[in-house]
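Please look over the sequence and the model below before reading on.

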Amino acid sequence: GGVVKALVNGVEQPTRSGGDKGVVLRSKVNLRHHVESIDTTEDGTRVVGLTARRVGGKIVKVKATEGVICNAPMWSLRKLIKNEKALNILSGGSDDVTVEKQSGSVAAQSWIIDSEVDPRTGRGSVIRPSRQQQSNEERTLIADNLLAKCDEAEMTGSFLHLHVALDAKDLDLDSLEPHYTVMDRGLEGDDRIMNGLPDGPCGELNMIAVSNPCVLDRTLAPEGYVIVHAYGAGNEPYDIWKSKSNDDETSTLTSARTDGEEDIDSRDSGDRYQSSTYNAMKDARGEALWRAIESIIPDARERTVLAMLGSPLTHERYLRRPNGSYGAAFEDCLKDGSTPIPNLTLAGDGVFPGIGIPAVALSGASAANGMVKVIEQWRCLDELKSQKLIT
């Protein structure tokens with residue numbers, strides 16, 4: 001949509017290197033290119049580019065002139081590096097780099113699931129208590145092992161999203177706010193104890209954010225309509241959506257790929273509920289989001305002309321987020337994006353300062369600055385000043 005186009009335009013706008021008579025540089029954003037691997041020299045000491053797969057299966061090689069900035073989820077780094085020598089370097093010389101490991105396979109989850117509770121009937125999890133501090137021996141063991149830090153970083157919860165388009169006839173938008181926070185079970189949560197732990201304000205689908213952007217800009221929806229977005233940020237456990245052994249037929253999961261232009265490889269898509277069960281699960285889990293919207297617009301369901309609900313499996317499948325995770329727990333974020341391979345830099349929500357668009361943008365800017373010489377940075381600033389974009 002328009003947001004994606006604006007971001008692409010921002011990256012692809014031409015810049016001039018070396019003043020008015022310098023070379024015009026242009027960047028290119030390649031959409032619908034799934035990165036298969038980060039390629040390295042034979043000895044693994046430098047990255048040389050990427051191998052990507054386009055829609056339809058065509059393989060494309062992308063050569064890196066300076067290096068590679070990787071903002072893939074930190075749990076995906078291991079499977080992107082195919083060269084065992086490079087894996088050894090990233091592991092600080094550990095011998096345990098040839099063992100097959102899948103993204104997220106050893107990562108701790110932020111939520112503890114109660115297997116006795118049907119997730120379609122209500123709350124079935126609690127936030128895991130803070131982990132015990134690692135011993136000095138454990139810290140020493142992984143101090144130089146970047147891959148271990150990435151593999152074992154704690155995954156925060158996922159999202160449940162509800163996007164609705166409403167008929168705005170006789171709806172007084174001026175009496176509404178652009179954003180609300182709704183506590184579905186109140187600040188203290190319910191009175192149920194699970195695994196010896198209470199509920200709370202950050203409990204499963206308790207704190208719901210409701211965005212009502214048409215209050216600020218009526219042009220975001222066609223005349224006579226408004227759009228509303230309700231979501232639980234990081235408070236939807238992934239494990240309740242996973243397949244379980246010996247489930248009855250109605251709870252069977254599949255990993256069937258989607259049809260059409262997405263052409264998403266089933267290896268990367270994760271398990272999905274079969275249509276009837278998956279939709280029933282979404283309907284049940286989405287009730288908390290509907291209640292949040294109805295607390296603001298009581299007749300929202302009657303006004304609805306379109307409703308779309310996204311689950312943790314949506315995040316996992318289409319955004320390629322391992323376990324649909326919001327990102328790494330802050331205490332497990334890498335302190336910076338540097339790696340033992342000099343021209344490979346990491347960015348994203350697994351690198352300080354962590355989760356959120358401003359934080360991720362900062363880690364990306366830091367990574368980009370690390371790839372550009374100081375004199376080039378000054379030239380870029382001079383160019384921006386000449387265009388009166390900065391003062």
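Which residues does I293 touch, not counting residues up to four places away in sequence? I293 touches L162, V164, V210, V228, A230 and A300, where contact means heavy atoms within 4.5 Å.

This is a predicted model, in which local features need pLDDT of at least 70 and side-chain atom pairs count only at pLDDT 80 or more, while totals for chains, interfaces and linings use all residues. Residues are numbered from 1 along each chain as its sequence is written, and side-chain values use heavy atoms, with hydrogens and water left out.

**The chain as a whole**

The protein chain has twelve helices and 16 strands; helices (H or I, at least four residues) and strands (E, at least two) are DSSP runs, numbered from the N terminus. Of its 391 residues, 41% count as buried, a word that here stands for under 20% relative accessible area, whereas exposed stands for over 50% and partly exposed for values in between (1.4 Å probe, protein chains only). Among contacts between residues at least 6 apart in sequence, 64% join residues at least 24 apart.

**The nonpolar cores**

In soluble globular proteins, nonpolar side chains tend to be buried together. A nonpolar core is defined here as a set of buried Ala, Val, Leu, Ile, Met, Phe, Trp, Tyr and Cys residues joined through side-chain atoms within 4.5 Å. The largest such core has 34 residues, and those with the most contacts inside it are V210, I293 and I297. At least two residues of this core are supplied by each of β9 (158–167), β10 (179–183), β11 (207–211), β12 (225–236), α7 (275–285) and α8 (287–294). The largest share, five residues, comes from α8. Apart from this core lies another, of 26 residues, which includes L146, M155, A328 and V351.

Two strands are said to pair if DSSP finds at least two bridges between them. Strand β3 (residues 33–40) pairs with strand β4 (residues 47–54) in the antiparallel sense over seven bridges, and within this pairing S37 stands opposite T51 of β4. The hairpin of β3 and β4 has six residues between the strands, and G44 takes a positive phi near 75 degrees there. On its other pairing, β4 meets strand β5 (residues 59–63), again in the antiparallel sense, over five bridges, with I59 in β5 as the bridge partner of R53. This hairpin has four residues between β4 and β5, and G56 in the turn has a positive phi of about 100 degrees.

**Charged pairs**

A salt bridge is counted when a side-chain nitrogen of Lys or Arg lies within 4 Å of a carboxyl oxygen of Asp or Glu, and by this rule the count comes to 18. The table gives three of these pairs.

| Pair | Closest N to O | Relative accessible area |
|---|---|---|
| R218 and D174 | 2.8 Å | R218 41%, D174 66% |
| D199 and R185 | 2.7 Å | D199 11%, R185 22% |

The bridge between R218 and D174 links distant parts of the chain, since R218 is in the loop between β11 and β12 and D174 is in the loop between β9 and β10, 44 residues apart. Is D199 buried or exposed? D199 counts as buried, because its relative accessibility is 11%, whereas R185 is partly exposed at 22%. Salt bridges that share partners join R123, R185, D190 and D199 into one network.

**The surface**

The protein chain exposes about 22,200 Å², of which carbon and sulfur atoms supply 52%; accessible areas come from the Shrake-Rupley method with a 1.4 Å probe, and for residues only the protein chains shown count as cover. A nonpolar surface patch of about 650 Å² is made by V374, I375, W378, L381, L384, L389 and I390. Patches are made of residues with over 30% relative accessible area and no salt bridge, with like charges joined within 9 Å and nonpolar side chains (Val, Leu, Ile, Met, Phe, Trp, Tyr) within 5 Å.
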